[in-house]
Amino acid sequence: MAISRVLLLFALCVLPGLVSARTLGNPFHIQGRVYCDTCRCGFETTATTYIPGATVRIECKYRNTLQLAYSVEGETDATGTYNILVEDDHEDQICESVLVSSPVNDCKSADPRRNRANVVVTRYNGIVKDKHYANNMGFFKDQPLAGCEELLKQYLNYDQPE
């Protein structure tokens, strides 16, 4: 009888503490990619290139005032992928990945519709993994590549019978 009470007490008191200690100590890994929209069409195509060395910032703002609560920057690797560590849980904040800069001279203008992406930076929503993904973000190339017109025609005719 006493053993069952000790086990019950352990299950009710100690185990939840161990679980929360494990999840609160791990940083979040926010991952996404940065691309150059070589056809200036507002989305990724087969002509899209990914930008190494682009700077991305994770920003978290207070939900009520929209004042900046947390900010950390990172750079993309050779594949245009960024992996940024975010400390702490930002449950009551609005967090986004934001484009900062591109090292590509003719691809520095951020697409206003793809220059930021919402990211979830909390463990109080049922997601237990440390790695969270952000939608890809892009910069516009100054001038579209030759062949983009034909490429876009293929996209427009993709579902239409000939």
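Q: What pattern does the chain follow when read along the sequence?
A: In this predicted model, the chain runs α-β-β-β-β-β-β-β-β-β-β-α along the sequence. That comes to two helices and 10 strands.

Q: Why is the contact between R57 and E59 called a salt bridge?
A: Let's set the value against the cut-off. The closest N and O atoms of R57 and E59 are 3.1 Å apart. A salt bridge needs a side-chain nitrogen of Lys or Arg within 4 Å of a carboxyl oxygen of Asp or Glu, so the pair R57 and E59, at 3.1 Å, qualifies.

Q: Why is E59 called buried?
A: E59 has a relative accessible area of 11%.

Q: What about R57, and why is it called partly exposed?
A: The relative accessible area of R57 is 22%. Partly exposed covers what lies between buried, under 20%, and exposed, over 50%, so R57 belongs there.

Q: What makes R57 and E73 a salt bridge?
A: Here the closest N and O atoms are 2.9 Å apart. The limit is 4 Å, so R57 and E73 also count as a salt bridge. This pair links distant parts of the chain: R57 sits in strand β3 (residues 55-62) and E73 in strand β4 (residues 68-75), 16 residues apart. E73 has a relative accessible area of 44% and is therefore partly exposed.

Q: Which residues are linked with R57 in a network of salt bridges?
A: E59 and E73 are linked with R57 in that network.

Q: How do you know that R116 and E96 form a salt bridge?
A: Their side chains meet at 2.5 Å, N to O. With a cut-off of 4 Å, R116 and E96 therefore pass the test. R116 lies in strand β8 (residues 116-119) and E96 in strand β6 (residues 93-101), 20 residues apart, and the pair links distant parts of the chain.

Q: Why is E96 called buried, and why is R116 called partly exposed?
A: E96 has 16% relative accessibility, and buried means under 20%, so E96 is buried. R116 has 37%, which is between 20% and 50%, so R116 is partly exposed.

Q: How many salt bridges does a search of the whole structure find?
A: The search finds nine, among them the salt bridge of R57 with E59.

Q: What share of the residues in the chain counts as buried?
A: Of the 162 residues, 35% count as buried.

Key: Residues are numbered from 1 along each chain as its sequence is written. This is a predicted model: local features need pLDDT of at least 70, side-chain atom pairs count only at pLDDT 80 or more; totals for chains, interfaces and linings use all residues. Side-chain values use heavy atoms; hydrogens and water are left out. Buried means under 20% relative accessible area, exposed over 50%, partly exposed in between (1.4 Å probe, protein chains only). Helices (H or I, at least four residues) and strands (E, at least two) are DSSP runs, numbered from the N terminus.
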